[in-house]
Amino acid sequence: MPRRAARRSGDFFNPAHPPYKSVNLNQQLVHDRLQHATRRQFLRDCTTGLGAMFLAGQMGQLGAGAASGLSHDPTAPLAPAAPPLPGKAKRVIFLHMAGAPSQLELFDYKPELEKLNGRPCPEEFLEGKRFAFIQGTPNMLGPLYPFHRAGESGQWISDRLPHFERCIDDACFIKSMQTDQFNHAPAQMMVHTGHQNLGHPSIGSWLTYGLGSENQNLPGFIVLLSGGKNPDAGKSVWGSGFLPSVYQGVQCRSTGEPVLFLDDPAGFNRSIRRRSLDAIGEINQRTYDTFGDPETVTRIAQYEMAFRMQTHASEAFDLKDEPESMHRLYGTEPGKESFANNCLLARRLAERGVRFIQLFDWGWDSHGAAEHEALNGGFVDKCKSIDRAMAALLTDLKQRGLLDETLVVWSGEFGRTPMQENRGGAEMRFIGRDHNPGAFTIWMAGGGVKAGHCHGETDPVGYDAMVDPVPLRDLHATILNLMGFDHRHFSYPFQGLEQKLTGVVPARVVRDVIA
């Protein structure tokens, strides 16, 4: 009898399994359901063994943040929250000079190094040390630019930053910073996540997770880039790691659309967008009710944020609203990507309540392998590109009464060596310095730090931190303290541990820099 004649009610032909044998419909439905079942569903539906383990794990995730005393409404993950301790700062603007500027040409004056200029490096400086490019015996390199004391605080500064010099009494320097990474990408990861490996949240994500944002129409954590390239570590330095993805940084642009594809396409108006989001939200809600994945609720919240951003982001990023006096102060050029534009945007975002504003300026890797990365070449241009703008940012925040509650941090990922780089063991045409994790300088301003203060000291040639060394975990603990958190108790459960920004190695708050 032909196969079609043998077909019974409830059977059907499955062309995916030749030779098209009949399959019972109920059996096929069960098969399809099992095929689409996730491990989460399988474990959830078990009542013993693995299912019990899964249920316990889920309960732990629902209580995520309990160890920190935090609770989050999954439908409003960025709702503002009070810190557990009295904080001195409400927001952070972090200025990262990607590539690591030379502290020995900017802030850390070493007369002894000046005397040793051109002499072969002492052997004790080389024994047991690892370098990115130095080979053999390099020559010592004194500071290329003249230093002088400035301001009432008498801080040392070179002639490369004349505008910033006028604000030097607002800054608090740490000249004894240290890291254990000497390559750019892992060192940048250390600065922003506390770990050299991928998968950990950035400090901006931690603070947005802990405090939410004062503005529900903009992301709580915004990233702005200049210099033409991303940092070496890529987007991981503003990633959320194991925290919910809503807390990751949102990269915005200072030209064109603030966020790519934020505007509606032609013929797609706000009403249509609203109806489409409602439909997508209903589907996502059903998915959440079925699977219980908190990332689904996060997705709903992010869609709604994007809808609100279509109106509010364009307004916040429109530098044309600023008076000409502001453009002169910052040295901005509306319509172009620049550090100056990003500094002005940072102020606009700060006054609109964005919690964490991260600026990356690429191009500070002064090895001397080419003119654009030489201390006597591209370094000079980089200094000019940031000097006026970062001074204007401090001045502008102070005039608006925002500096006291805004912590501004300026940093690279490590320092530079007191020896001149001799790539391949040969003398180089341009002047540069190699990577130095043993000592670098950062400065902070506002947000409860001591103005006009200097903490720590390096050795006579600026090679290693000698007095009051500050590892990055201590800097992180200090920033958390200024924002109202005890780093020992600010945690998130992941992989069976209460994970912290400062990791498992004991960290300390640098009390000496806090006002």
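Residues are numbered from 1 along each chain as its sequence is written. Because the model is predicted, local features need pLDDT of at least 70, side-chain atom pairs count only at pLDDT 80 or more, totals for chains, interfaces and linings use all residues, and side-chain values use heavy atoms, with hydrogens and water left out.

**The chain**

The chain has 13 helices and 19 strands. Helices (H or I, at least four residues) and strands (E, at least two) are DSSP runs, numbered from the N terminus. Of the 515 residues, 51% are buried. Buried means under 20% relative accessible area, exposed over 50%, and partly exposed in between, with a 1.4 Å probe and protein chains only. Contact means heavy atoms within 4.5 Å. Among contacts between residues at least 6 apart in sequence, 76% join residues at least 24 apart.

**Strand β13**

Strand β13 (residues 440-445) is largely enclosed by the rest of the structure, because 6 of its 6 residues are buried. In a regular strand the side chains alternate between the two faces of the sheet. Here Phe440, Ile442 and Met444 point one way, while Thr441, Trp443 and Ala445 point the other way.

**Helices α11 and α12**

Two packed helices are described by the angle between their axes and the distance between the axes. Axes are lines fitted to C-alpha atoms, for helices over the stretch in contact, and angles run from 0 to 180 degrees between N-to-C directions. Helix α11 (residues 339-351) and helix α12 (residues 378-399) pack at about 10°, with their axes 8 Å apart. The two are therefore roughly parallel, a term for angles under 35 degrees.

In α11, Phe339, Ala340, Cys343, Leu344 and Arg347 meet residues of α12, including Ile386, Met390 and Asp396. The residues of this contact divide into 9 nonpolar, 1 polar and 2 charged. Ala, Val, Leu, Ile, Met, Phe, Trp, Tyr, Cys and Pro count as nonpolar, Asp, Glu, Lys and Arg as charged, and the others, Gly among them, as polar.

**Helix α13**

Helix α13 (residues 472-482) is mostly covered, with 10 of its 11 residues buried. Among them are Asp474, His476 and Asn481. The buried residues of α13 pack against several elements, including β6, β10 and β13. Gly484, which follows α13, has a positive phi near 100°.

How values were computed. Parallel < 35°, antiparallel > 145°, perpendicular 65-115°, else oblique.
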